[in-house]
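Thanks for coming, everyone. I have one structure to walk through today.

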Amino acid sequence: MNAIITVVGSDKVGIIAKVSTLLAEHKINIADITQTILSGNFVMMMMVNMVEADISIDALRTILEDASEKMGVEINIMAEKVFSSMNRI
């Protein structure tokens, strides 16, 4: 299963490193990643593969919510199918 993770917040050192480390700790592979700075805000979108993950998407969501509070950014995750359905034109 693939999931989409978005990260938005003030740009600061270590955002990508911290999110990537959390994913690696749970055997979640980053399949694709893009990031940019928009009007001083850091914006990142990742597609991750959870086939070998040792946790569920709901458990990962909780971990990412805790991390987002500590880092001062907004982190969201949803299944790729849900993301695609929401963004279909």
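**A loop residue to start with**

Lysine 27 lies in the loop between H1 and strand S2 (29–38). Helices here are DSSP runs of H or I with at least four residues, strands are runs of E with at least two, and both are numbered from the N terminus. Phi of lysine 27 is near 60°, a positive value in a residue other than glycine. Is lysine 27 buried or exposed? Lysine 27 counts as exposed because its relative accessible area is 53%. The cut-offs: buried is under 20% relative accessible area, exposed is over 50%, and partly exposed is in between, with a 1.4 Å probe and protein chains only.

A word on the ground rules. This is a predicted model, in which local features need pLDDT of at least 70 and side-chain atom pairs count only at pLDDT 80 or more, while totals for chains, interfaces and linings use all residues. Residues are numbered from 1 along each chain as its sequence is written, and side-chain values use heavy atoms, with hydrogens and water left out.

Now serine 39. Serine 39 sits in the loop between S2 and S3. Serine 39 is not a glycine, yet its phi is positive, about 50°. Its relative accessible area is 81%, so serine 39 is exposed.

**The chain as a whole**

Let's step back. The chain has three helices and four strands. Along the sequence, the pattern reads β-α-β-β-α-β-α. There are 89 residues in the chain, and buried ones make up 28% of them. Next, contacts, meaning heavy atoms within 4.5 Å. Take the contacts in the chain with a separation of 6 or more: 65% of them come from residues 24 or more positions apart.

**Two helices together**

How do we describe a helix pair? Two packed helices are described by the angle between their axes and the distance between the axes. Our pair is helix H1, residues 15–25, and helix H2, residues 57–71: their axes come within 11 Å and cross at roughly 155°. That crossing makes H1 roughly antiparallel to H2. The axes are lines fitted to C-alpha atoms, for helices over the stretch in contact, and angles run from 0 to 180 degrees between N-to-C directions.

Which residues meet? From H1 we have Lys18, Val19, Leu22 and Leu23, and they meet Leu60, Ile63, Leu64, Ala67 and Met71 in H2. Sorted by class, that contact has eight nonpolar residues, no polar ones and one charged residue. Ala, Val, Leu, Ile, Met, Phe, Trp, Tyr, Cys and Pro count as nonpolar, Asp, Glu, Lys and Arg as charged, and the others, Gly among them, as polar.

**The core**

The largest nonpolar core has 21 residues. By core I mean a set of buried Ala, Val, Leu, Ile, Met, Phe, Trp, Tyr and Cys residues joined through side-chain atoms within 4.5 Å. Ile5, Val7, Val19, Leu23, Val48 and Ile75 have the most contacts inside this core. Two or more residues each come from strand S1 (2–10), H1, strand S3 (41–49), H2 and strand S4 (73–79). H2 gives the largest share, five residues.

Look at valine 7. Beyond its neighbours within four places in sequence, valine 7 touches Ile15, Val19, Phe42, Val43, Met44, Val73, Glu74 and Ile75.

Glycine 9 is in strand S1. Its relative accessible area is 10%, so glycine 9 is buried. Leaving out residues up to four places away in sequence, glycine 9 touches Asn41, Phe42 and Val73.

Serine 68 belongs to helix H2. It counts as buried, at 11% relative accessibility. With the same exclusion of residues up to four places away, serine 68 touches Val73, Glu74 and Ile75. Glycine 9 and serine 68 are 59 residues apart in sequence, and their C-alpha atoms are 9.4 Å apart.

**Back to the loops**

Last stop: alanine 53, in the loop between S3 and H2. What does alanine 53 touch, not counting residues up to four places away in sequence? His26, Lys27 and Ile28.

Definitions and conventions
Angles under 35 degrees count as roughly parallel, over 145 as roughly antiparallel, 65 to 115 as roughly perpendicular and the rest as oblique.
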